[in-house]
Amino acid sequence: MMIRDTQLYLLKNKLGEVLESPYFSKSLILYLEKLKIIVDKIINADHIDLPENIIDYCIQSIFTATRFFTGSTTKKVPYEIVYCLEQACLDWTKNKSIITTELSQNILSFYFIGVHQNFYILANSIFGVDFDSELVQICLPDLYRRRPLYATPLYHELGHFVDVNQAIVEQTFLKKDIHFNLPNLHLVPELSGSSKDHNLLFQIQKSHRMEYFADLFSAKYIGRSGVEFLNEIAGEDPPSKTHPSTQDRIKVVDDFLNGIQNDIIDMFNTVLKSNNLPLLQYTTTNMDISRSFNNIRPYEIKNKDELHAFIGESWIFLREMFHEPKDKWAYIPKVQIEKSVNDLVEKSLRNHMIIKKWDNDGAAI
């Protein structure tokens, strides 16, 4: 078909253009080159041997990936927070994960798009292309690209990737010892008068469980900062078909952080334990960033555990200085406080990345 052939040639050209752009990671280049091999093989193949739905599926998957790769080649990429996400991902997946980003003009546009395992299976079985890395495609508002503390929702989005990648929520429905209802489902408007619609109830249960897991995943790494961000932008949101109420979500996270027993947390940990995955546990650190930040100096992040906790501690520091500034911060306008703290966070993360790069490769970035 003319349109499909045109799509393939345009996609091939686009992949070539992106390959010519400078990259931060060699893994990105290798992944992109493998996508180009698939496109070349489709173009050169006899289309009769390839079902149209397979071709269309590959085109759509590669087009989406290319869109995010394009966003990851610009100077606008928030490399520091992407690095944090990549480090968290190492705890959960055997394959190396590549974080790619797209910057949106929508101020509330945080979301995750996964590459389904079917694509990797097709790539290997039909085209002989084997990927040793998995793509994590995350979108965030362009407005926050230089505000790492306002990118904390990306930990939640990474939680969605881990959930899908490891089929965690899916497995909660298979465990015989998990048989409780999530809170306040009766308040979801779509369930009014539909108590016998078991398919609808299942879909809502699944969506709510996915949100709870992503919230807890975020809290495991960066504490309460994720739901505090949520509370500021959607604090009064009631339960819906896709999300629990904000206040229900905050309660689950607070129970988690305070060590209070909660059936939702136990549900996920039952699945995680059976799959030999990290448990949802929160470990406090003794790090004190205030001495560095009060002197307007970056904090020296000591290890991987501090890397994530640093985000949560910096959020607490920003919140305190914004609402009740003290020391040198008392003489700085609120708008400048917010920018300065985010700048310190960005520089602290960047310094840590350079040191780790030097230790691993013997050369600085």
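**Figure 1. The second largest pocket has a volume of about 640 Å³ in this predicted model.** The lining counts 26 residues, and His156, Glu157, Leu230, His243 and Arg249 are the closest to the pocket centre. By class, the lining of this pocket splits into 13 nonpolar, 8 polar and 5 charged residues.

**Figure 2. Helices and a strand around the second largest pocket.** Five elements each supply at least two lining residues: β2 (111-114), α6 (153-166), α8 (198-222), α9 (225-234) and α10 (246-257). The most comes from α9, with 6 residues.

**Figure 3. Helix α9 is largely enclosed by the rest of the structure, because 7 of its 10 residues are buried.** The buried residues are Ser225, Gly226, Val227, Glu228, Phe229, Leu230 and Ala234. They pack against α6, α8, α10 and α13 (304-323).

**Figure 4. The largest nonpolar core holds 73 residues.** Phe268, Phe310 and Ile311 touch the most other members of this core. Helix α8 gives the most to the core, with 9 residues. A second, separate core has 30 residues. Tyr31, Leu32, Ile42 and Ile43 are included in that second core.

**Figure 5. Contacts of Phe268.** Neighbours within four places in sequence are left aside in this view. Phe268 is then in contact with Ile168, Val169, Thr172, Arg209, Tyr212, Phe213, Leu216 and Leu280. Phe268 is one of the residues that touch the most other members of the largest nonpolar core.

**Figure 6. The structure holds 1 cavity of 30 Å³ or more.** About 50 Å³ of space lies in the largest cavity. Its lining consists of Pro78, Glu80, Ile81, Tyr144, Arg145, Arg147, Pro148, Ala151 and Glu346. By class, 5 of the lining residues are nonpolar and 4 are charged, with no polar residues. The lining includes Arg145 and Arg147, along with Glu80 and Glu346. Pro78, Ile81, Tyr144, Pro148 and Ala151 also line this cavity.

Definitions and conventions
Residues numbered from 1 in each chain as written. Predicted model: local features only at pLDDT ≥ 70, side-chain atom pairs only at ≥ 80, totals over all residues. Heavy atoms only, no water. 1 Å grid on protein atoms, 1.4 Å probe; cavity = no way out; pocket = protein on both sides within 12 Å on 5 of 7 lines; lining within 4 Å. Points joined across faces, edges and corners; volume = space filled by probe spheres on them. Helix = DSSP H or I, 4+ residues; strand = E, 2+ residues; numbered from the N terminus. Nonpolar A, V, L, I, M, F, W, Y, C, P; charged D, E, K, R; others polar. Buried < 20%, exposed > 50% of the residue type's maximum accessible area, 1.4 Å probe, protein only. Contact = heavy atoms within 4.5 Å. Core = buried A, V, L, I, M, F, W, Y, C linked by side-chain atoms within 4.5 Å.
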